[in-house]
Amino acid sequence: MQNRRDFLKTAAFAAIGSGLSIQQALATDAIPLFSINKLGAKGKMKMTFFPYELKLKHVFTVATYSRTTTPDVQVEIEYEGLTGYGEASMPPYLGQTVDSVLTFLKKVDLTQFDDPFQLEDILSYVDSLSPGDSAAKAAVDIALHDLVGKMLGAPWYKIWGLNKDKAPSTTFTIGIDTPDVVRAKTKECAGQFNILKVKLGRDNDKEMIETIRSVTDLPIAVDANQGWKDRQYALDMIHWLKEQGIV
């Protein structure tokens, strides 16, 4: 079986030989941004990065804290006039911070590579720079794949031969809040997602579920974020949630 680097190069050269663009070969409506004639070019990749604070539309509250912003680090990889974008997200429980991500990214030197299609080599090099730093490594990985996808003029589900209609559903998270706000949040997202993830762990757990159920019958998953400290209360809530059809 071919690895992903060899597969991409095979697809590119097959398209060249047939006179098709990668876009045509993969039957996508995307506009190819990279000339097929440049696939053999020997340019240099340039990576830049910077911290960015995401401002949330609603206060986000879980069992143990509330926040109105979330830290983020944006990564950009440029090559032959195209730019791939990635980001590092740093949940507090992972122990990674903006500073730790920036420190790691300063170690990454992509100028030693002249072919973005060398995905395995590039990402193996990035991974070898430290035993951890998963958020920073993911940001580089995402940006690199975004760049290669733009070079091929196709989304990755087509490059990998996947059916997007069979992709697993992702969830939209609703934080703990008052009934009016929870109701408004639910109405905003109910028509866009197949599953809702609801934060619990305070004294209004049942009210949260009942409020959402008054708006939609979408499947609900819950996350109490270690908020259920009492064993019996946790068991009672689990049984109650089961009765409500909650997973």
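Helices here are DSSP runs of H or I with at least four residues, strands are runs of E with at least two, and both are numbered from the N terminus. Hi everyone, the model is predicted, so to speak of local features we need pLDDT of at least 70, side-chain atom pairs count only at pLDDT 80 or more, and totals for chains, interfaces and linings use all residues. Residues are numbered from 1 along each chain as its sequence is written, and side-chain values use heavy atoms, without hydrogens or water.

Let's start with the largest pocket. Its space comes to about 830 Å³. Of its 31 lining residues, Phe60, Tyr65, Arg67, Thr173 and Lys199 are the closest to the centre. A pocket is an open set of points on a 1 Å grid over the protein atoms alone, where a 1.4 Å probe fits, with protein on both sides within 12 Å along at least five of seven lines; lining residues have an atom within 4 Å of a point. The volume is the space filled by probe spheres set on the points, which are joined across faces, edges and corners.

Which element gives the most to this lining? That is S1, with six residues. Elements supplying at least two residues each include strand S2 (66-79) and helix H7 (179-189).

Now, the helix pairs. H8 (residues 205-213) and H9 (residues 231-243) pack at about 15 degrees, their axes 11 Å apart. H8 is therefore roughly parallel to H9, a term for angles under 35 degrees. Axes are lines fitted to C-alpha atoms, for helices over the stretch in contact, and angles run from 0 to 180 degrees between N-to-C directions.

Technical notes. Angles under 35 degrees count as roughly parallel, over 145 as roughly antiparallel, 65 to 115 as roughly perpendicular and the rest as oblique.
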